[in-house]
Amino acid sequence: MNIRRTLATAHRVLLQLRSDPRTVAMLLLVPCLLIVLLRYAFDGRQEVFDSLGAPLLGIFPMIVMFLVTAVATLRERTTGTLERLLTMPLGRLDLLLGYALAFGLVALVQGLLAFGLTVGLLGLDIAGPSWALLAVAVADGLLGMALGLFVSAFAATEFQAVQFMPAFLLPQLLLCGLFTPRDTMADWLHAISDVLPLSYAVDAMNRLTSETGFGGAVAADLAVVLGCTLLALGLGAVTLRRRTA
Amino acid sequence: MMNSAPAVDVRALCVVRGGRPVLQGIDLTVARGSVTGLLGPSGCGKTTLLRSIVGVQRIESGEVRVLGLPAGAPTLRDRVGYVTQAPSVYTDLSVLANLRYFAEVLGAPRTDPDRVLDEVGLGEHGKDLVGRLSGGQRARVSLAAALLGTPELLVLDEPTVGLDPVLRQELWRLFHRLAAGGATLLVSSHVMDEAARCTALLLMREGRLLAHDTPRALLDATGAEDIEGAFLSLVADAAPATSERAR
């Protein structure tokens, strides 16, 4: 791992993003737009928005970051630039952390925008501290990014990469406790949801919605989300092979 | 870091891809400072051989040593430049942004991007987006990236394909200039008329090496008028031997 090469990679990824302003605009604005839609879909029922707002503030950035990162890294694999980089003195972690830094920065800006909109303009009311909401939202964006990096290894085309969203994220969405509380699920479903990272992201958001302060349970959930992010990055590093058949 | 080992030393190299033998016992050496042409029809295993030398190909058996070290050794990564057949550069970045990034990864001098840009004749296109360049220009950006950091060995997979005759001649001049500066070049091509521009030739067919000699010696040995003729005569000589073995 080498700081100079990691930063150069992050800089390069950001330059690539800059040359595609439409993607940047969608990355930053789509989660905001979705949250506005949610708010007005439950117009006049502030308690529904208050209970759903926090979990969705975490879920939307995760989905968007997942898609963008999966396609971006797949493109690196299919255009031969990955093979070129791996013949150079670039560590696999330099590459992954470079991506993580660049997209992590995007996740941070995205989280700030969505958070400011939700808490500031739309008046989301939660019991816990609002800075914790922001922290969990950004962590969710990072998780989406790391999962996208990882699954791109299993996609041969961009069509496949996009299909990983319904295949990989939607089951997590169904089981994360957003539609029905996790402890009312059948045991086997509950067991599955226990090993899915999105469940912990939503648990954290639900706790922040209903409990005051930043408790140990929220910290534990946040640690699981960040741990899964690191695990996905590590698994992603394993899928980058210098020698291929 | 200099030593007397040949630039490339391949012993009994076998590679299997998708259950099919692609390289079947290749032995060769590439002398330092040479411009060695690797010629053969499409699909004969040229790219696989080059990938093995660069160290990105999983090999079945045999040994590949580059500059005295096992192919793909970490300390070789800034001493060997590799250009793949398809240009491997970022189309959504400018030419210079591409070169600056690769230079940073290689730890090459800051002046290198401008230098290599002039060497491939793209000095005026530094600010252009690679995606807006022609195919031939993209190929030269890819080549320029491999020249960063002045590698000791350059492995070029069909670098002149799709280029007009004037550009091809300019690139071959560049290759000889680089060799005169101490670099070794291994250049593949399926166009036999490029052979005359090399100081040494490797002729390949169906995963085997047919010949390894200077262009002059190949012409003398086969009595052919050009390398294409020499190649055909070598194939004809090899054919009875293989059918006998099959029996």
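## Strand 3 of chain B

A residue is called buried here if 20 or more other C-beta atoms lie within 10 Å of its own. The model is a predicted one. In strand 3 of chain B, residues 35–39, five of the five residues are buried. The burial applies to both faces of the strand: V35(B), G37(B) and L39(B) lie on one side, T36(B) and L38(B) on the other.

Strand 3 of chain B pairs with two strands. With strand 8 of chain B, residues 184–189, it runs parallel and is joined by five bridges; V35(B) has L185(B) as its bridge partner there. With strand 9 of chain B, residues 200–205, the pairing is also in the parallel sense, over four bridges. On that strand, L201(B) stands opposite G37(B).

## The sheet of chain B

These strands belong to an open sheet of six strands in chain B, in the order 6-7-8-3-9-10 and with mixed pairing. Strand 6 (80–83) and strand 10 (208–213) are at the edges; each has a single partner strand, so one side of each has no neighbour in the sheet. On average, and with direction ignored, neighbouring strands of the sheet are turned by 15° against each other.

Strand 9 and strand 10 of chain B run antiparallel and are joined by five bridges. L203(B) has A211(B) in strand 10 as its bridge partner.

Helix 4 of chain B (residues 135–147) packs on the sheet and touches strand 6 and strand 7 (153–157). The direction of helix 4 makes about 170° with that of strand 6 of chain B. Helix 5 of chain B (residues 165–180) also packs on the sheet, where it touches strand 3, strand 7 and strand 8. The direction of helix 5 makes about 155° with that of strand 8 of chain B.

## Positive phi in chain B

Most residues other than glycine have a negative phi. A12(B) is not a glycine, yet has a positive phi of about 50°. A12(B) lies in strand 1 of chain B, residues 8–17, and counts as exposed because it has 12 C-beta neighbours inside 10 Å.

E206(B), likewise not a glycine, has a positive phi of about 45°. E206(B) is placed in the loop between strand 9 and strand 10 of chain B. With 17 C-beta neighbours inside 10 Å, E206(B) counts as partly exposed.

## Helices 2 and 3 of chain A

In chain A, the axes of helix 2 (residues 21–41) and helix 3 (residues 46–78) come within 10 Å and cross at roughly 155°. Angles over 145 degrees count as roughly antiparallel, and the two helices of chain A are therefore roughly antiparallel to each other. Their crossing is right-handed.

Helix 2 of chain A contributes residues including L27(A), V30(A), P31(A) and L34(A) to this contact, and helix 3 of chain A contributes residues including F49(A), L52(A), F60(A) and P61(A). By class, the contact has 14 nonpolar, one polar and one charged residues. T23(A) and R39(A) are among the residues of helix 2 that take part.

## Contact between the chains

Chain A has 23 residues in contact with 22 residues of chain B. On the chain A side, helix 1 (3–18) and helix 4 (81–86) each supply at least two residues. Helix 1 of chain A gives the largest share, six residues. The chain A side divides into eight nonpolar, seven polar and eight charged residues.

Conventions. Residues are numbered from 1 along each chain as its sequence is written. Chains are lettered from A and ligands numbered from 1 in the order in which they are written. This is a predicted model: local features need pLDDT of at least 70, side-chain atom pairs count only at pLDDT 80 or more; totals for chains, interfaces and linings use all residues. Two residues are in contact if their C-beta atoms, placed from the backbone, lie within 7 Å. Ala, Val, Leu, Ile, Met, Phe, Trp, Tyr, Cys and Pro count as nonpolar, Asp, Glu, Lys and Arg as charged, and the others, Gly among them, as polar. Axes are lines fitted to C-alpha atoms, for helices over the stretch in contact, and angles run from 0 to 180 degrees between N-to-C directions. Angles under 35 degrees count as roughly parallel, over 145 as roughly antiparallel, 65 to 115 as roughly perpendicular and the rest as oblique. A crossing is left-handed if the near helix is turned anticlockwise from the far one by less than a right angle, and right-handed if clockwise. Two strands pair if DSSP finds at least two bridges between them.
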